[in-house]
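This briefing goes through one structure, topic by topic, for a reader who has the atoms at hand. It begins with the surroundings of the ligand and then turns to the sheet, the core and some single residues.

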Amino acid sequence: MRLLVTGASGLLGLNLSLLEVKKHDIVGFDRSKLAGTPFRIYRNDLLAHQAVDHILDEIRPDAVIHTAANANVDSCEFDPQGAHRLNAELPGELAWACAQRSIRLVHISTDAVFDGTKDGVYSETDTPNPLGIYAQTKLDGERNVLSVNPNAIVARVNFFGWSLQGNRSLAEFFFNKLSKAEQCSGFTDVYFCPLFVGDLAETLVLMLEKNLVGLYHVTGSKALSKFDFGQCIADKFGFDPSLVIPISVEESGLIARRSHNLRLSIHKLSTDLGQEIPDVSTGILKFYAQAQQGYPQKMRSYQQV
Ligand SMILES: NC(=O)c1ccc[n+]([C@@H]2O[C@H](COP(=O)([O-])OP(=O)(O)OC[C@H]3O[C@@H](n4cnc5c(N)ncnc54)[C@H](OP(=O)(O)O)[C@@H]3O)[C@@H](O)[C@H]2O)c1
């Protein structure tokens with residue numbers, strides 16, 4: 001399969017491209033950050049005039065995995081128009097362009113579309129209620145995609161792993177602080193279901209191979225608090241777990257409002273795939289194993305200098 005991956009320098013896009021290049025013909029869409037990758041790079045800005053049409057006609061992929069976004073929740077609050085353009089309008093345009101050419105599309109969305117007030121896990125039929133600009137623009141993006149391309153996959157995700165810059169994921173945040181014996185905060189009142197980025201990448205490709213369509217929750221199978229996640233990282237790497245300071249997200253000073261409950265049901269996904277989705281414990285083992293194998297350094301070597 002020829003896969004076009006947007007956001008190829010991002011946390012999901014780069015991990016997915018590096019993993020799947022062993023099995024598929026990967027073309028990574030990158031603005032300017034990557035060099036020397038084992039997959040082809042197509043360089044442009046997705047918002048440039050006719051960039052989407054040009055790349056689809058030139059590369060002619062079987063499927064697009066659209067990870068590019070403004071994924072910085074707080075920066076979206078300062079630039080609502082830019083966030084709307086990138087996170088909401090562009091996905092709709094890409095979905096339309098893919099539909100016109102019979103190219104499959106996986107559009108990446110977020111668990112943050114819910115307000116967290118539900119007592120329990122959220123399923124795909126629950127009504128979203130975004131708390132901030134990022135979440136609202138991502139929800140608008142989902143709707144724009146499915147309204148013009150009902151055969152697209154929209155995947156609401158939450159994941160962790162090693163990134164190009166070494167500071168993109170929550171797991172890296174804890175690793176970076178704890179490895180320097182620095183204190184860091186962990187929210188005791190935010191529950192989520194993180195999935196290791198390698199497991200997410202494999203699941204997304206499997207969803208394409210199995211011809212799934214529509215909205216899916218694609219997260220890990222186990223919920224825990226962000227504080228507990230920090231403790232798990234400390235335990236696995238042998239760092240001092242007391243350096244993770246338990247606090248409430250409400251006293252964090254973060255700009256955008258955050259949901260306290262990001263627990264998503266993956267029942268629909270595991271049923272339709274006919275297999276279990278990995279949980280955070282096995283994901284942290286893989287995250288640790290990658291560190292032992294020099295994967296974070298390898299990843300950083302793909303930075304354009
Ligand atoms: N991280 C999470 O846990 C999480 C949770 C829920 C949902 N998500 C969603 O998952 C997806 C991937 O997130 P991520 O953490 O991998 O994001 P990320 O690391 O911030 O990467 C975002 C990517 O988008 C690219 N991009 C931004 N604007 C672009 C433009 N105009 N043209 C071309 N490329 C552009 C960036 O390129 P540059 O490097 O050039 O800026 C970067 O490669 C996003 O849709 C996000 O909303 C993430």
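Which of the 25 residues around the ligand come nearest? They are Gly7, Gly10, Leu46, Ala68 and Ala69. The model is a predicted one, and the points below should be read with that in mind.

**Around the ligand**

- The elements that give two or more residues to the shell around the ligand are α1, which spans residues 11-20, and β5.
- Of these, α1 supplies the largest share of the shell, with three residues.
- By residue class, the shell around the ligand divides into eleven nonpolar, eight polar and six charged residues.

**The sheet**

- Seven strands form an open sheet whose pairing is parallel, and their order across it is β3-β2-β1-β4-β5-β6-β11.
- The edges are taken by β3 (40-43) and β11 (214-218), and because each has a single partner strand, one side of each is left without a neighbour in the sheet.
- From one strand to the next, the twist averages 20°.
- Strand β1, made of residues 2-6, is mostly covered, since four of its five residues are buried.
- Five bridges join β1 to β2 in a parallel arrangement, and in this pairing valine 5 stands opposite glycine 28 of β2.

- Helix α4, residues 80-100, lies across β4 (63-66) and β5 (104-110), and runs at about 160° to β5.
- The largest nonpolar core has 87 residues, and those with the most contacts inside it are Leu105, Val106, Ala155, Leu200, Leu204 and Ile233.
- The largest share of this core comes from α4, which contributes seven residues.
- One of the residues with the most contacts in the core, leucine 204, is in contact with Ile65, Val106, Ala155 and Val218 once its neighbours within four places in sequence are left aside.

**Leucine 146**

- Leucine 146 is found in helix α5, which covers residues 133-148, and it counts as buried because it has 20 C-beta neighbours inside 10 Å, where the cut-off for a buried residue is 20 or more.
- Not counting residues up to four places away in sequence, leucine 146 touches Ala152, Val154 and Leu215.
- Although leucine 146 and alanine 95 are 51 residues apart in sequence, their C-alpha atoms are 7.8 Å apart in space.

**Two partly exposed residues**

- Isoleucine 247 has its place in strand β13, residues 244-247, and it counts as partly exposed because 16 C-beta neighbours lie inside 10 Å.
- Apart from neighbours within four places in sequence, isoleucine 247 is in contact with Ser185, Phe187 and Ser252.
- Isoleucine 247 and glutamate 124 are 123 residues apart in sequence, and from C-alpha to C-alpha they are 30 Å apart in space.
- Glycine 166 lies in the loop between β7 (159-160) and α6 (170-179), and with 15 C-beta neighbours inside 10 Å it counts as partly exposed.
- Leaving aside neighbours within four places in sequence, glycine 166 is in contact with Glu172, Pro296 and Arg300.
- The C-alpha atoms of glycine 166 and serine 109, which are 57 residues apart along the chain, are separated by 22 Å.

**Positive phi in loops**

- Serine 102 is found in the loop between α4 and β5, and its phi is near 55°, a positive value in a residue other than glycine.
- What makes serine 102 count as exposed? The reason is that it has 8 C-beta neighbours inside 10 Å, and a residue with 12 or fewer is classed as exposed.
- Asparagine 211 is found in the loop between α7 (197-209) and β11, and its phi, near 60°, is likewise a positive value in a residue other than glycine.
- Asparagine 211 is exposed, with 10 other C-beta atoms within 10 Å.

Technical notes
Residues are numbered from 1 along each chain as its sequence is written. This is a predicted model: local features need pLDDT of at least 70, side-chain atom pairs count only at pLDDT 80 or more; totals for chains, interfaces and linings use all residues. Two strands pair if DSSP finds at least two bridges between them. Axes are lines fitted to C-alpha atoms, for helices over the stretch in contact, and angles run from 0 to 180 degrees between N-to-C directions. Two residues are in contact if their C-beta atoms, placed from the backbone, lie within 7 Å. A nonpolar core is a set of buried Ala, Val, Leu, Ile, Met, Phe, Trp, Tyr and Cys residues joined through C-beta atoms within 7 Å. A residue is near a molecule or strand if its C-beta atom, placed from the backbone, lies within 6 Å of it. Ala, Val, Leu, Ile, Met, Phe, Trp, Tyr, Cys and Pro count as nonpolar, Asp, Glu, Lys and Arg as charged, and the others, Gly among them, as polar.
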